[in-house]
Amino acid sequence: MFEATQKARVFATPIGVDFCSALIDGLDARLAGQGPEVLARIEIHVANLRMQRRLHTLYAQRGPGLLPRIRPVLALSETADMEGMPPAMSPLALRLELAQLISKLLDRNPSLAPRSAIYALADSLADFLGEMVEEGVAPADIAALNMGEHSAHWARAQAFLGIASDLIAASDRPTPEGRQAMVVDRLIAEWRLNPPAHPVLVAGSTGSRRATFRLMEAVAQLPQGAVILPGIDRDMPSAIWRDLLDNRRSGLAGEDHPQFRLAKLLDHLGLAPDDAANWIDTAPTNPARNRLVSLALRPAPVTDQWRVEGPQLSDISGALADVTLLEAPSPQMEAAAIALRLRQAVEDGQRAALVTPDRRLSRMVSAQLDRWRIVPDESGGQVLAQTAPGRFLRQVAELVAHPMTNESLVALLKHPLCHSGPDRAVHLLRTRDLELQVLRRGLAKPNAPAFRAWAAKRSDDAGAKLWVEWLCKILMYDLAGTASFSKLVQNHADLSKGLAAGSNPVDPKSTAELYEKEPGAEAARLMEDLRKDAASGGAMSARDYADFFAALAADREVRFAVRPHADVLIWGTQEARVQGADLTILAGLNEGIWPKPAEADPWLNRPLRSEAGLRLPDRVVGLSAHDFQQGIAGREVWLSRAKRDDETDTVPARWVNRLVNLLGGASDETQKALADMSARGHLWVARAQALVAPHTTHPPAPRPAPSPQTGARLSYLSVTDVERLIRDPYAIYARHILKLRALNPLNTVPDARLRGTIIHRILQEFLKQIPNDLPENAAQQFSDICDDILITELSQNAVRALWRQRLGKVAPWYLAREAELRDLAEPWLVEDFHKWDVPGLSLTLGGTADRIDRLPDGRVAIYDYKTGRVPTEQEVTAFNKQLWLEALMARGGAIADHPLDVARMAYIGLGTNPEIRDEHPDEARFAQVLNGLGKLIAHYRRQDVGFTSRRSPSKTFDTGDYDHLARYGEWDATTDATILPVGGADGE
């Protein structure tokens, strides 16, 4: 196939050529006139699995025939026909063992990282150890690093790496990278003694990993071996090629250049760029554009050449005629514009590809395409953690991690894969009833006795008891301590199976729909991998296991068998390396996205990595630059970015900046070409803005003031409802006329309302236990009551501690005032509810007095506890009538069997600045309050008066339980209310 040569045999393809198609075309040209069996003897090592799939697809499209042997370079570590070479430990087993080491390290020094980061650190450490093997860095090299000028953190990391590096030295269980290096060494040794007679190719790799680099070096020197490099820059001068390597030797950054890896390989093989012949004679799509981009991407020290060579560029208008520069105001608008262009490509019959490393942007584009029912073919698939089985398994893992809450229980029971058997409809009905009748009725946390009591009351539901027993058996278990990883995995699998199968499965081994279809199959593989490698996990806490599983599920991808639209493609940058399209959209071209920033290395900093001989972070930037240079060489290209993200202004990707700066200053022709590129982008942004803009505008909705056309209005109010009637009449309409009630939250929310409820309970219990004079240990008794009630009512430890501290600060003041109050009178009634038929109003007034004391002369003192600030005099005059109405109820005989004389009325504030503020009871004020109540009720009983929403809120940002019903936000709060007659005279 190849003629004999003394040099290493290296070929290359031009920038912008579909590499896989070019590879096949080059093989066809070299095998012309030979039998089909010759192709089957060729052995091709490709860069990755994606390239292997692409080549198989292209060969399949040609019809029946023999194929060459194609396998990814990294698959060499899986080679089984190596005598005496042990198999590699699985990546999962490696990470499990590293997680144990990291866990022990965090036990000794918890300040290093949170325990939730164990898997992320294990993943990072596995990559680091793999890099050590690939680059030939021994553990002794790391141990010999001089940490004298670096922080103590790196010294601790160095010591820990010494422990973890024992895994590298284990010859009986090599890591995947270690076995890859062993296989390459074995092949090179065999080839030196007995070189293969059949052609051996390494295609599409740039040699960024040392093992691959050594394989390429060996293959290039075989009698029938060759290396085929992707996307070599034929327009870069030879001096610049030399400068790339000179920069490396002098310590300057060279790895971030797109051609650096190719230059390094050629230099190591003793070749110049011109010695790498073209694999095929196909010309690039647009040579003039390639020259322009090559100049724009020159290394930073020589960008002064722009001034000389920029004006000499020819055919700039032709080079950039099919290039669009789109700079959208936001990522959402960028996605809308891209979706519009992809829609246009479908109509024109073009094959269009969106290339971006930004998964968030690709999801937004997919969502925009859904308006035209276009489902793009996304090569990256879907993250397992975001699929239904992945979310379900994560939720079940969380049950192992911490005690269950009402909210997590409902979320799990309502998951579509929970109880997904034939009785799911009944299961959902019971779940709804359990939520409304038990969980939202003040249950602190799920417990078996409460569930069994609920089931016992459902006499019309014969299966309720069985369902509750299934629920209790599955969800009520001991969570304390740690367990072996294998036990945690088995427990996780059993819980998932039991929840998915339901309370009455037809098949005892059934998992219902949990492991069905592609996401379910991938979830099943994940669970099987965990079982297989569980022995490597050691002991682990339930919390660590849940974090580990969540991180692991986020690393798995699900690919769907049913192909979506064949000509609308979404690729990552790696997928784009091996495929071509009529339209290529390079999107997300902002710093931090493309290229991605170098990830923080918790093990060695940049100088130490350089000293040890490890790869620098610039390598990733260089690979991304090569992807950009390949992508921009397509037929029609979009360069797309958003000027602003969700938080701040963005910075264009360095390659876009270089291209724009070159075009903006090289010549008048380049400036015009840049303006035309931007103009085409502005056109599509305008179209996207028109697409998402509303077609018609609507005036604000009327501010509602419903007016029931019934004879009976407001027959009952509580004393707190009176203030609500003044501030938000709509809330009274919804609560007392429509009979609507807001659902209680599933979990107790530690807000001001709950704090007030708890403090009232504490005071009620204190007065109940100590009804007379305060004993000497009153402070201790008060403290004990606080602890007991807070533990019962609050599940959040942090909130409980905070509230306990605040109560401790106010306790001395409260006990001192309590002694003074008891010198005047004895506590009589605490949290006592009463009703009063208001004379002449046909209104029943109800209320609960916080505290009523009886004086020796028979008169009473009424106190109202406030856990926040005490209402001002102006607020009492206009809105807050609660204390005065309670006094009117006492005077009217609602509290005792006879009218009571009110001697004192006071607010007791227990907030940050505790105080007691008295109201002064007098006949004129009582008459004024009662007369005002009568006028208020009479006003709202008129059928021409509506119940206005948010008439006078305390604060504009206050929210109410019925704001959504009143469509608050759709009307202007400064406008007058619109009377809306509702119902008829008969109440219908």
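In what order do the six strands of the open sheet lie? The order is 7-16-15-8-14-9, with parallel pairing.

This is a predicted model, in which local features need pLDDT of at least 70, side-chain atom pairs count only at pLDDT 80 or more, and totals for chains, interfaces and linings use all residues. Residues are numbered from 1 along each chain as its sequence is written, and side-chain values use heavy atoms, without hydrogens and water.

View 1. Strands are DSSP runs of E, at least two residues, and helices are runs of H or I, at least four, numbered from the N terminus; two strands pair if DSSP finds at least two bridges between them.

**View 2. Strand 9 beside strand 14 (residues 565–571).** Three bridges join these parallel strands, and proline 376 is opposite histidine 565.

**View 3. Helix 31 (residues 719–727) and its cover.** Buried residues (under 20% relative accessible area, 1.4 Å probe, protein chains only) are Val719, Asp721, Val722, Leu725, Ile726 and Arg727. Among the elements covering them, by contact (heavy atoms within 4.5 Å), are strand 20 (843–854) and helix 38 (923–940).

Terms used
Buried < 20%, exposed > 50% of the residue type's maximum accessible area, 1.4 Å probe, protein only.
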